[in-house]
Amino acid sequence: MVSDDEGLNRTGGKYVEPGGEFTRDQRYIATRITADERDGWPVEPGRYRLAVSRACPWANRLIIVRRLLGLEDAISMAVAGPTHDKRSWTFDLDPDGKDPVLGIERLAEAYFARFPGYERGITVPALVDVPTGQVVTNDYAQMSLDLTTEWTAHHRPGAPDLYPEPLRGEIDEVNEVVFADVNNGVYRCGFAGSQEAYEKAYHRLFDRLDRLSERLAGQRYLVGDTITEADVRLFTTLVRFDPVYHGHFKCNRQKLSEMPVLWAYARDLFTTPGFGDTIDFDHIKRHYYEVHRDINPTGVVPLGPDLSNWLTPHGREELGGRPFGDGTPPPPHPSPSE
């Protein structure tokens, strides 16, 4: 089994298993932070710190959801640099190379504080208990849903409902196929260890993108007429497609910018407050091209593509829809670090 891109439980910096098919290690820390404290970790503003890297698509989901819901004051954020070594993500962007709240240089320290000798992936995103310095959870899929459903008492006025009860079944169905074929599909292409495994993943990815294009041709968002968790999950892969996945992961039937419906959909979200303002293309490119040395041995980071086209008109307003439903957009960032 090959572990996922953001995990660090591999040896020698290998991401590709020769002759094999990429299989994501999904053994995450399943502890939940909930309003009823069922796992012993209560919802409590100011207690937890969200560890992320802006390079990581899974962490990017949490950054977006936190921002849309206005949880910046309730949950602080530790930002690791765009690259890591075999040992851990590091807080090298901070003065003295330490997170100013947790006081640690490496995210691994929070994992080992709770699980000495932890052998699985040291992954972002992760929620860390500030008083004890212990990681609580790195189960990113459940984390974003819990921010929506368990932290409601601390949402900003006008926060959107990203997981509305009447649509949860449909959202879950969409999320399942998008994860299997697109979010994880690009990695199955990039980390394929044989021609057969690569071609299988390639066709599965683009077949799903074609179906998503058909779905989105007549509706502005994936489920219902407002932004939901499903849109957040698809967006973080689409926004990385041309800068990274098209070339680095050989997902090269077409660029996103050559798929008219998905390209317009992605630009619509990119220009929606809470989405594009969380994206750091420099960090994204540096992570993939510098870290995956068995795919890109030189570590050279490409200068292209030209990203100015993300701000061109998309025309998706003609499909109707209300991005935030009865709510309002999030206000501007409180600080550059957020």
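**A first look**

Mentor: Start with His246, which touches Phe241, Cys251, Asn252, Gln254 and Lys255, not counting residues up to four places away in sequence. Contact here means heavy atoms within 4.5 Å.
Trainee: Where is His246 in the fold?
Mentor: His246 sits in the loop between H8 and H9. Helices (H or I, at least four residues) and strands (E, at least two) are DSSP runs, numbered from the N terminus.
Trainee: And how far apart are His246 and Gly325 in space?
Mentor: They are 33 Å apart, C-alpha to C-alpha, and 79 residues apart in sequence.
Trainee: What kind of model is this?
Mentor: This is a predicted model, in which local features need pLDDT of at least 70 and side-chain atom pairs count only at pLDDT 80 or more, while totals for chains, interfaces and linings use all residues. Residues are numbered from 1 along each chain as its sequence is written, and side-chain values use heavy atoms, with hydrogens and water left out.

Trainee: OK, domains. Which ones are assigned?
Mentor: Domain 1 (48-154) and domain 2 (165-319); the bounds come from an automatic or database domain assignment. Their C-alpha centres lie 23 Å apart. Domain 1 puts 22 residues into the contact and domain 2 puts in 26 residues.
Trainee: How much area is buried between domain 1 and domain 2?
Mentor: About 2100 Å², with 61% of that from carbon and sulfur atoms. Buried area is the accessible area (1.4 Å probe) that two parts lose on being put together, summed over both.
Trainee: What about salt bridges between domain 1 and domain 2, how many?
Mentor: One salt bridge, meaning a side-chain nitrogen of Lys or Arg within 4 Å of a carboxyl oxygen of Asp or Glu. Separately, look at the side chains of Arg67 and Asp277, which form a salt bridge at 2.7 Å, N to O.
Trainee: Which elements give two or more residues to the side of domain 1 that touches domain 2?
Mentor: Helix H1 (57-69) and helix H3 (140-149). H1 gives the most, with nine residues.

Trainee: New topic. How many aromatic pairs are there in the whole structure?
Mentor: The search finds 25. Rings of Phe, Tyr and Trp (its six-membered ring) pair if their centres lie within 6.5 Å; planes under 30 degrees apart count as stacked, over 60 as edge-to-face and the rest as tilted. Phe191 and Phe249 make an edge-to-face pair, 5.2 Å centre to centre with 70° between the planes.
Trainee: Why does that pair tie together parts 58 residues apart in sequence?
Mentor: Because Phe191 is in the loop between helix H5 (185-190) and helix H6 (195-216), and Phe249 is in the loop between helix H8 (241-245) and helix H9 (260-270).

Trainee: Which peptide bonds are cis?
Mentor: Among them, the bond joining Val124 and Pro125, with omega about 0°, and the bond from Gly304 to Pro305, with omega near 0°. Pro125 is in the loop between helix H2 (108-114) and strand S3 (126-129). Pro305 is in the segment after helix H10 (281-291).
Trainee: And what is phi of Asp96?
Mentor: Near 65°, a positive value in a residue other than glycine. Asp96 lies in the loop between strand S2 (76-80) and H2. Most residues other than glycine have a negative phi, and most peptide bonds are trans.
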